[in-house]
Amino acid sequence: MTQNPKPRKKKHSLNIDAPLHVTGRTIYLDDMPELGGTLYAKVYYSPYAHASITSIDYSEARQQPGIIDIIDHSRIPGENQIGGIIPDEPLLAVDELHFIGMPILIIVSTDELNAHKASQLIKLEVEEKEVIVDVEEAYRRRSFLSAPIHFSLGDAEHAFTDCAHVFEGSASSGGQEHVYLEPQGAYAIPQQQGMKIFSSTQGPTAVQHTVAKVLGWSMNLIEVDVNRIGGGFGGKEDQASPWAAMAALAAHICQRPVKLILERGEDLQMTGKRHPYQSHYKIGLDTSGKIIAFEARYLQNGGAAADLSPAVLQRTLFHSTNSYYIPHVRISAYSCRTNLPPNTAFRGFGGPQGMYVMEAALDHAATALDIEVHDIQRKNLLYESAEFPYGQLAEACAAQHCWDEAVESYDLSGSMKKIEDYNAAHQWSKKGLSLMPICFGISFTNTMMNQARALVHVYHDGSVGISTGAVEMGQGVSSKMIQVAAGCFGLPHEHIKLESTNTTRVANTSPSAASATADLNGKALQDACSQIIHRLQDLLRDQWSLTEADELQIDNASAYVAGTDHLMSWQELVTLAFQQRVNLSAKGHYATPTIHFNKETSKGIPFAYHVYGTAITTCTVDCLRGNYELDKVQIVHDFGSSMNRAVDLGQIEGGLAQGIGWMTMEELIYNDKGQLKSGNLANYKIPDIYSVPKEVQVQYLNTPGAELAINKSKAVGEPPLMYGIGAYFAIHQAIKRFNPQAVIPYSAPMTTEKVLLALYSKRDSE
Ligand code: MTE
Ligand code: HPA
Ligand code: MOS
C-alpha cells in the first residue's frame with residue numbers, strides 16, 4: 001500500500017515577467033516612488049573630442065532657480081577614477097577632455113528643467129587639440145590602450161608556403177549602440193550610515209566598488225540594489241557605474257536623495273558602444289579546400305579609455321576561427337586609443353567581430369576559387385577533440401551535427417534550387433543564401449570572475465525567498481532562478497519569491513554577463529537549496545528512523561519514502577524543522593571547476609563548454625534600389641537540454657535581430673571632429689518589425705547538454721547574435737547573382753547605400 005503522490009507534471013515553462021510586462025506593472029528604476037526631498041542631477045559634458053580646458057565658469061548657472069549645487073572634480077572626496085581594468089578614466093574631467101560626452105560637472109537641482117537651463121549657461125573655454133577618430137591612424141601612431149595580445153597554434157609562418165591558395169584582404173565592422181530601452185541611471189539615498197543606491201546595472205558589485213572608491217569609503221558602507229533593468233546588452237556591465245557614482249557623490253554632498261537618469265540623447269552621446277574593428281587577414285587552403293593556415297591582425301577602436309576593451313580584445317582572438325578547425329594560426333589584436341567615448345561590452349564581447357573576419361576570409365577564398373563557400377565551411381567545421389588556437393579541445397562538439405541537421409531538415413538543396421529559379425526569372429530582384437555556423441565559449445574569459453553566490457530562506461510557513469547575484473535584464477534569468485529553486489525543493493513556482501539583487505544579501509558578485517549568469521548563479525542557488533534539503537532529510541531520517549537503504553524523497557510539495565506509509569506535507573516538514581530548531585537558511589557558493597587560462601602563453605581551458613549552431617539565411621535584394629528583405633532564417637541550435645524553451649527561444653530571436661541590425665542597418669557615423677552624427681534614433685536605425693526576417697525557424701538540437709550548464713541547459717544569451725552575420729553574407733550572395741563581377745569590400749554594416757554601390761560596382765566602369 002502506498003499513498004505516494006504522483007510524479008509532478010512538468011509545467012509548461014514561462015517567462016514569469018511576461019504578465020507584468022504586458023500589463024505595465026513591471027517596476028524599473030524610474031518607476032520607483034521617490035522620497036521627499038529628492039534632487040535631480042544632470043551631467044554637463046564635453047562638447048569637444050580632444051581639448052584642454054582653459055577656463056570654466058558656472059557662476060551664472062549656479063544662480064539659476066532651483067540649482068542646489070554644481071559639482072566638479074575637486075569635490076570628490078575619494079579617487080576621481082572609474083577605470084575597471086586599467087585606472088585610466090576620471091569620473092569628472094580635470095583639465096583634459098578626451099571625447100565628446102566626457103562628464104565635466106554634475107548639476108544638482110530641485111527639478112530637471114532648471115538643471116537643463118543651467119547647463120546652457122555654463123561657459124567653457126578650451127584649447128582644441130588634434131582629434132583621432134580613425135583606428136588605423138591610432139595604430140600608426142602606436143596609440144594603444146593596453147598591450148597587444150597574440151595567439152598562435154602550429155606554425156603559420158611555414159604552413160603558408162605549403163598552401164595551394166593564399167588570399168589576403170581586409171574587413172571592417174562598425175560599432176553598435178546598445179539601445180537598451182531603459183537609459184543609464186541611478187538613485188542614491190544617504191543612509192544613517194553609508195549610502196543606498198538603486199542602479200540600472202548588470203554589475204551591482206561594480207557599482208558598489210566604484211562608488212566606494214569615488215567617495216573614499218569602504219565597500220560595506222555602500223548598498224546597491226537592482227530589481228531588474230530594462231536591457232543591458234553589455235552596456236551596463238561597467239558603464240552603469242559612473243552615473244551611480246555621480247548620483248552618490250551629489251547625494252553625499254547635498255545630504256539628500258539624488259536621482260540621475262540620462263535622457264536618450266545624452267545616453268547615445270555619452271556612453272560607449274560595440275567596438276568598431278578594422279582587420280587584416282591572410283588565409284591559406286590546400287587543393288581540397290581545407291584551411292591550412294590563418295593569420296590576422298585585429299585593430300580595435302577602443303575610444304578614449306580602456307573600460308573593458310582589453311577583455312573584449314581577448315575574446316576576439318578566442319573566437320577568431322569561429323566554428324572551424326585550423327591547424328596553423330597566428331593572430332594579433334591591438335586595442336587602439338581614439339577620441340570616441342570608451343567602447344565597451346556588447347553581446348558577444350568581441351567574439352562577433354572576430355567571427356565576421358573569419359567568414360569574410362572564407363567568402364574571399366570561395367569567390368576567388370569560384371566555389372560555393374558552404375563547401376569550404378563544411379569541410380573545415382570543428383570535430384570532436386579538435387584543438388582551438390588557445391589549446392582547449394572541442395568537447396561534445398556539435399558543429400557538424402548542427403550544420404548537417406540544418407542542411408537536411410531545412411532542405412538546403414531545395415532552397416538553393418528555388419533561389420536559382422527565382423533568380424533566373426527575375427532580372428531586377430535577386431535572392432541570396434548563406435550558412436552561418438557559430439561556436440561560442442561559455443565562461444568569463446577572466447577565470448576569477450566565474451564564481452557566484454546565493455542566499456535562500458525557507459520561512460516557517462513553508463514559503464521560500466531566494467537571492468542571487470543575477471540581474472534580470474529581459475533575458476529571463478529570474479524565471480530560471482525560480483525554476484532552479486522550485487526544482488530543488490520540489491515545490492510549485494508560486495512558492496518561490498525571487499528577491500532583488502542586493503549587495504548586502506549576495507556580495508562580491510560578477511556582473512550578469514558572458515551568458516553565464518544562469519549557470520553561475522543557478523549552481524550557487526542549487527548549492528544553497530541542497531544544504532537545506534540535506535538538513536531536512538537528516539531530520540526526517542531521524543524522525544522516521546530510516547536506514548540508508550530507504551529512498552527518501554522531498555518532492556511534489558511533500559516528503560515520503562517510496563513503498564511505505566511515511567508521508568509528510570512540505571508545510572508539516574518545515575513546521576517540524578522549525579520546532580526542532582533546524583537552520584532553514586543557507587548561503588550557496590559556486591566556482592566553475594576545470595577552467596584556467598595562462599595569459600602569458602595564451603593557452604588553457606578558458607571555457608566551461610561551447611555552444612554551437614547553424615543558421616541558413618535567405619534574402620531578396622531589390623537591384624534597382626539596393627533595398628533588401630530577409631525572407632527567412634532557419635536555425636539549428638544546440639541548447640543542450642533547454643530548461644525554459646520560451647525564454648531560450650526569445651533569446652534566439654532577440655539575439656538574431658540584434659546581430660542582423662549590427663551587420664546590416666545600424667551605422668554609427670562620427671565626423672572627423674569626433675562628433676556622433678547618428679546621434680538619435682531617427683538616423684541610427686535599429687531593426688523594427690519590418691526589417692527582421694519574415695520567418696524565423698528554430699530547431700532544438702537534441703544533445704545531452706553540458707554538465708557545467710545549469711540543469712544541462714546551455715547558456716543562450718550571446719551566441720545567437722552571431723547568426724546575424726549570415727544576413728550580411730546572404731546579401732553579398734544576392735548581389736553577386738545580379739553582378740558576378742561586383743567588387744564588394746568587406747565593410748559592415750551592409751547598408752542599402754553600400755548594397756547599391758556594390759550592385760553597380762564593376763558594371764558601371766565596364
Ligand atoms: N536579452 C535581453 N532581453 N536583454 C539584455 O540586456 N543581454 C545579453 C543577453 N540577452 C540581454 C539579453 C547579454 S550581452 C548577455 S551577456 C546575456 O543576455 C546576459 O544574461 P545571461 O548570462 O543570463 O544569458
Ligand atoms: N564576457 C563578458 N563580460 C566579461 C568577460 C567576458 O568574457 N570578461 C569580463 N567581462
Ligand atoms: Mo554581455 S556583452 O557579456 O553583457
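This is a predicted model: local features need pLDDT of at least 70, side-chain atom pairs count only at pLDDT 80 or more; totals for chains, interfaces and linings use all residues.
Residues are numbered from 1 along each chain as its sequence is written, chains are lettered from A and ligands numbered from 1 in the order in which they are written, and side-chain values use heavy atoms, with hydrogens and water left out.

The side chain of Gln 651 places an N or O atom 2.7 Å from a nitrogen atom of ligand 1. Phe 233 contributes a backbone N or O atom, 2.9 Å from an oxygen atom of the ligand, and a polar backbone atom of Ala 516 is 3.2 Å from an oxygen atom of ligand 1. On its own, ligand 1 has 520 Å² of accessible area, of which the protein covers 92%; such areas come from the Shrake-Rupley method with a 1.4 Å probe, and for residues only the protein chains shown count as cover.

Next, ligand 2. Its surroundings are Glu 237, Arg 315, Phe 349, Phe 444, Thr 445, Met 449, Ala 513 and Ala 514. By class, that shell has five nonpolar, one polar and two charged residues. Which atom of ligand 2 does the side chain of Glu 237 approach? It is a nitrogen atom, 2.6 Å from an N or O atom of that side chain. Arg 315 brings a polar side-chain atom to 3.1 Å from an oxygen atom of ligand 2, and a polar backbone atom of Thr 445 is 3.1 Å from an oxygen atom of this ligand. The protein covers 98% of the 260 Å² of accessible area that ligand 2 has on its own.

I now come to strand β12, residues 258–261. Strands are DSSP runs (E, at least two residues) numbered from the N terminus, and two of them pair if DSSP finds at least two bridges between them. Strand β1, residues 39–45, runs parallel to β12 and is joined to it by two bridges, with Leu 39 opposite Val 258. Strand β9, residues 185–190, is antiparallel to β12, with four bridges; here Gly 185 has Ile 261 as its bridge partner.

Finally, the cysteines. The structure holds zero disulfides, a disulfide being a pair of cysteine sulfur atoms within 2.5 Å. For Cys 402, the nearest cysteine sulfur is that of Cys 397, 8.7 Å away. Cys 402 is buried, at 0% relative accessible area, where buried means under 20% (1.4 Å probe, protein chains only). For Cys 439, the nearest cysteine sulfur is again that of Cys 397, at 6.9 Å, and Cys 439 is buried at 1% relative accessibility.

Notes
A polar contact is a pair of N or O atoms within 3.5 Å; within protein, one must be able to donate a hydrogen and the other to accept it, and residues adjacent in sequence count only if both atoms are side-chain atoms. A residue is near a molecule or strand if one of its heavy atoms lies within 4 Å of it. Ala, Val, Leu, Ile, Met, Phe, Trp, Tyr, Cys and Pro count as nonpolar, Asp, Glu, Lys and Arg as charged, and the others, Gly among them, as polar. Buried means under 20% relative accessible area, exposed over 50%, partly exposed in between (1.4 Å probe, protein chains only).
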